[in-house]
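Please look over the sequence and the structure shown here.

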Amino acid sequence: MAECNHDCENCASNCADRTSPQSFLVPQNSKSNIKNVIAVVSGKGGVGKSLVTSLLASATARRGFSTAILDADITGPSIPKAFGLKEKVTGDEEGMYPVTSSLGIKVMSLNLLLDDDTTPVVWRSPIITSSITQFWSETVWGDVDYMFVDMPPGTGDVPLTVFQSLPVSGIVIVTTPQDLVEMIVTKAVRMAGLLNVPVLALVENMSYLECPDCGKKIPVFGESHVEDTAERLGIDTCARIPIDSDLTRASDEGLIEHYLGSFLDGVVDKIGAVR
Ligand code: ADP
């Protein structure tokens, strides 16, 4: 166990004299100056969390902020593919260097370290968690105004440890219409409350399909409840993203940062990325 240094805010010892709760925050390295960390979470996989992370980062970078993505979805990393990143992470004695997208977004993801990105990651949670904290503390990030963390889905061991290790300043919750009526969103909000992290916005993905002929919005997965749910849970910003084959194509072809939808503008404002 670490020795008590009599400064509870910065001490790893859990001794009897402790006056404030033990901090599990992992410090940044001397080559990184990350100002805001925004976690993008979902109750389960496949709802579009990585897509929303990519769109938020792209919109933030387009507003002129230095932007980064830490892909913490270790077992299902999809950020490099969405941005069409082919380069691999390099490193030297200073640390690892993230790969930069064409808009200048710095990306760190396990898939940028693997020789073959179809290799399955069959790791236990302590190994997954330590790879995420290494991405945070051993990457030469430089100056970053906004880092978006594509979190592992759910409220289990790995997301919990990530929340305790990284100084997350706010959460964006991604969901689909059928999940909103269930308890998934409430669980994510309550987890954020337990961890004392504000929920900045609720995003309903695959909210509707717009008929290409008449423009009618068809609620394929059921009626939208995003506004009611946000109000009930005290979240003041919400957004809806339609099902759009251009979005699927852009992320499949590695061109997500060139997709120019304005669906998330209010969320980017709320995050504080306003010039
Ligand atoms: P998650 O990170 O929650 O597992 P992804 O962001 O990887 O989910 O999305 C899963 C798949 O669904 C991806 O192929 C993505 O391009 C597609 N997708 C997500 N949202 C939409 C949308 N609104 N319209 C069309 N395709 C979408």
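The notes below go through the ligand site and then several single residues. The model is predicted. The ligand takes up the space of the largest pocket, and 17 residues surround the ligand.

**The ligand and its surroundings**

- Among the residues around the ligand, the closest are Gly46, Ser50, Asn205, Pro242 and Ser251.
- Two helices, α1 (49-62) and α8 (245-252), are the elements that give two or more residues to the shell around the ligand.
- An oxygen atom of the ligand lies 3.0 Å from a backbone N or O atom of valine 47.
- A polar backbone atom of leucine 51 is 2.9 Å from an oxygen atom of the ligand.
- For proline 242, a polar backbone atom is 2.8 Å from a nitrogen atom of the ligand.
- The ligand taken alone exposes 560 Å², and the protein buries 79% of that.

**Serine 109**

- Serine 109 belongs to the loop between β6 (106-108) and α3.
- Serine 109 counts as buried because its relative accessible area is 0%, and buried means under 20%.
- Setting aside neighbours within four places in sequence, serine 109 is in contact with Asp71, Pro77, Pro80 and Phe135.
- With one of these residues, aspartate 71, serine 109 makes a polar contact from side chain to side chain at 3.0 Å.
- Serine 13 is 96 residues away from serine 109 in sequence, and the two C-alpha atoms are 31 Å apart in space.

**Threonine 129**

- Threonine 129 is part of helix α3, which covers residues 125-137.
- The relative accessibility of threonine 129 is 9%, so this residue counts as buried.
- Threonine 129 touches Val158 and Thr161, if residues up to four places away in sequence are not counted.

- Most residues other than glycine have a negative phi.
- Asparagine 196 is not a glycine, yet has a positive phi of about 65°.
- Asparagine 196 is located in the loop between α6 (184-194) and β9 (199-204).
- Is asparagine 196 buried or exposed? Asparagine 196 is exposed because its relative accessible area is 69%, and exposed means over 50%.
- Methionine 206 is not a glycine either, and has a positive phi of about 55°.
- The loop between β9 and β10 (209-210) holds methionine 206.
- Methionine 206 has a relative accessibility of 24%, so it counts as partly exposed.

Notes: Residues numbered from 1 in each chain as written. Predicted model: local features only at pLDDT ≥ 70, side-chain atom pairs only at ≥ 80, totals over all residues. Heavy atoms only, no water. Helix = DSSP H or I, 4+ residues; strand = E, 2+ residues; numbered from the N terminus. Buried < 20%, exposed > 50% of the residue type's maximum accessible area, 1.4 Å probe, protein only. Contact = heavy atoms within 4.5 Å. Near = heavy atom within 4 Å. Polar contact = N/O pair within 3.5 Å; in protein donor to acceptor, adjacent residues only side chain to side chain. Areas by Shrake-Rupley, 256 points an atom, 1.4 Å probe, with all protein chains shown as cover. 1 Å grid on protein atoms, 1.4 Å probe; cavity = no way out; pocket = protein on both sides within 12 Å on 5 of 7 lines; lining within 4 Å. Sits in = over half its atoms within 2 Å of the grid points.
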